[in-house]
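Hello,

Here is the structure I promised to pass on. Please open it first, then read my notes below.

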Amino acid sequence: MEDRHGPVTGYSVPNHNGPSAAAAGPPPPNCYYNYQPNPYYHQQYYQVSQPDSVQRSSCLRCIFAFVIGLFLIFGTATFIVWLVLRPQLPEFQVDSFSLSNFTFTNGSRVFLISEIHLTARNPNSKMSLSYDHVETAVYYKLELLSKTALSPFSQETKNETSLVAKFAGDGSFVEKPVVDGINGEIGKNANVGFDLRLFSWINFESKSWMSRNILKVFCGNLVVGIPSNGRPGGLTDGPRPCRVGI
């Protein structure tokens, strides 16, 4: 008797996934994650923008290198000139300070006649000096009493020049504390301390080099004796050196 439950031959095994599953290919690629940029677009962008940025950077580097080189050359040349010439500031001293007719009117107006003799010395052995727009002024502490101008002058190497500054106070107004301070010093020991300031343009000159600066001279604490009999007063401590700067 034939077994109905035995295996059946001669038939193909059915595909449970359906007839279309076997014939279908792999799933389509993900359009978002597999996006391929346009190579022509990027190639064109870099070909246009990259040369401009490179050119700008190159120009900036050239300018920066030129400025640094210029400073180095100038600094080296200045240092060599300084080593060769050894420029020195001039030296000033007050030789005499005479003061007459020193009075106050109306409480705070000062009148005076003064003459100050100075010596200017050029200590340089390789550079000459020339001065112009020379201005001098007499102060009591920080209060200006009188000022005057001096004529331009020049100095050769290792040269000394005598200068005379003449002042005439014509009733300039000063503050009451200044008047009280001066009268107090006169009443105490008949001496008054004044300051002299000098400003000038100065040229340092040699055969191959020249420099122009503002010269500042300060001669402080010039103690002048003022006699009570009206005679001219003068320096009590003799000649006084001054501080010089530029």
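Over how many bridges do E1 and E2 pair, and in which sense? They pair over 12 bridges, in the antiparallel sense. Keep in mind that this is a predicted model.

**The sheet**

E1 and E2 belong to an open sheet of four strands. Its order is E6-E2-E1-E9, and the pairing is antiparallel. E6 and E9 (240-241) are the edge strands, each pairing on one side only. E2 also pairs with E6, again in the antiparallel sense, over 14 bridges.

Some positions to look up:
- Ser-100 has Ile-113 in E2 as its bridge partner.
- Phe-111 has Asp-170 in E6 as its bridge partner.
- Leu-118 stands opposite Leu-163 in E6.

**The core**

The largest nonpolar core holds 40 residues. Phe-92, Val-94, Phe-97, Phe-194 and Leu-196 touch the most other members. Several elements give two or more residues to this core, among them strand E1 (91-105), strand E2 (109-122), helix H3 (176-189) and strand E8 (210-225). E7 gives the most, with six residues.

Take a look at Phe-97. Leaving aside residues up to four places away in sequence, Phe-97 touches residues including Ile-116, Val-138, Phe-194, Leu-222 and Leu-235. Phe-97 counts as buried because its relative accessibility is 2%, and the cut-off is under 20%. Phe-194 is buried too, with a relative accessible area of 1%.

**The rings**

The whole structure has five aromatic pairs.

One is Phe-92 with Tyr-131. Their ring centres are 6.3 Å apart and the planes stand at 90°, so the pair is edge-to-face. Phe-92 lies in strand E1 and Tyr-131 in strand E3, so the pair ties together parts that are 39 residues apart in sequence. Both residues, Phe-92 and Tyr-131, are buried.

The other is Phe-97 with Phe-194. Here the centres are 5.8 Å apart and the planes are at 35°, so this pair is tilted. Phe-97 is in strand E1 and Phe-194 in strand E7, so the pair ties together parts that are 97 residues apart in sequence. Phe-97 and Phe-194 also form one aromatic cluster with Phe-102 and Tyr-140.

Last, find Tyr-139. The charged end of Arg-197 sits over the ring of Tyr-139, 5.4 Å from its centre.

Best wishes

Methods:
Residues numbered from 1 in each chain as written. Predicted model: local features only at pLDDT ≥ 70, side-chain atom pairs only at ≥ 80, totals over all residues. Heavy atoms only, no water. Core = buried A, V, L, I, M, F, W, Y, C linked by side-chain atoms within 4.5 Å. Buried < 20%, exposed > 50% of the residue type's maximum accessible area, 1.4 Å probe, protein only. Contact = heavy atoms within 4.5 Å. Pairing = 2+ DSSP bridges. Phe/Tyr/Trp six-rings, centres within 6.5 Å; stacked < 30°, edge-to-face > 60°. Lys NZ or Arg CZ within 6 Å of the ring centre and 35° of its normal.
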